[in-house]
Amino acid sequence: VVTMHASDRYLISGTIDDLRREENDAVGYAKRLRHGTIGKGLNDYNRIFSELRAVGFDGWISIEDGVDGMEQLKESVAFVRAKMRQYWPEAAR
């Protein structure tokens with residue numbers, strides 16, 4: 001793994017099972033998903049960061065967010081930085 005791209009989405013309607021049924025014929029993003037603040041959506045960031053740590057990841061993490069403004073982006077950045085400190089405390093400054 002060279003870099004990681006962090007973003008998050010959440011369901012605006014329906015259930016995960018509804019989403020799974022729609023994925024079979026989907027083109028592009030499912031209509032029931034929206035971008036959201038990183039760490040508040042469907043992605044399991046503890047699992048993601050655990051896997052990255054396990055494989056010795058030490059690369060860049062880019063953030064895709066701010067769809068709803070700079071405050072949302074600031075929350076996402078704070079979340080990702082906290083996870084980095086949690087999983088790579090030796091690199092924290």
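Trainee: Contact means heavy atoms within 4.5 Å, so which residues does Asn 43 touch, not counting residues up to four places away in sequence?

Mentor: Asn 43 touches Ser 7, Asp 8 and Ile 48 on that count. This is a predicted model, where local features need pLDDT of at least 70, side-chain atom pairs count only at pLDDT 80 or more, and totals for chains, interfaces and linings use all residues. Residues are numbered from 1 along each chain as its sequence is written, and side-chain values use heavy atoms, with hydrogens and water left out.

Trainee: Where is Asn 43 found?

Mentor: In the loop between β3 (33–35) and α2; helices (H or I, at least four residues) and strands (E, at least two) are DSSP runs, numbered from the N terminus.

Trainee: New topic. Which residues make up the largest nonpolar core?

Mentor: Eleven residues: Met 4, Ala 6, Ile 38, Tyr 45, Phe 49, Leu 52, Phe 57, Ile 61, Val 80, Tyr 87 and Trp 88. Such a core is a set of buried Ala, Val, Leu, Ile, Met, Phe, Trp, Tyr and Cys residues joined through side-chain atoms within 4.5 Å.

Trainee: Which element gives the most to this core?

Mentor: α2, with three residues.

Trainee: And what does Ile 61 touch?

Mentor: Leaving out residues up to four places away in sequence, Ile 61 touches Met 4, Ala 6, Phe 49, Val 80 and Met 84.

Methods
Buried means under 20% relative accessible area, exposed over 50%, partly exposed in between (1.4 Å probe, protein chains only). Contact means heavy atoms within 4.5 Å.
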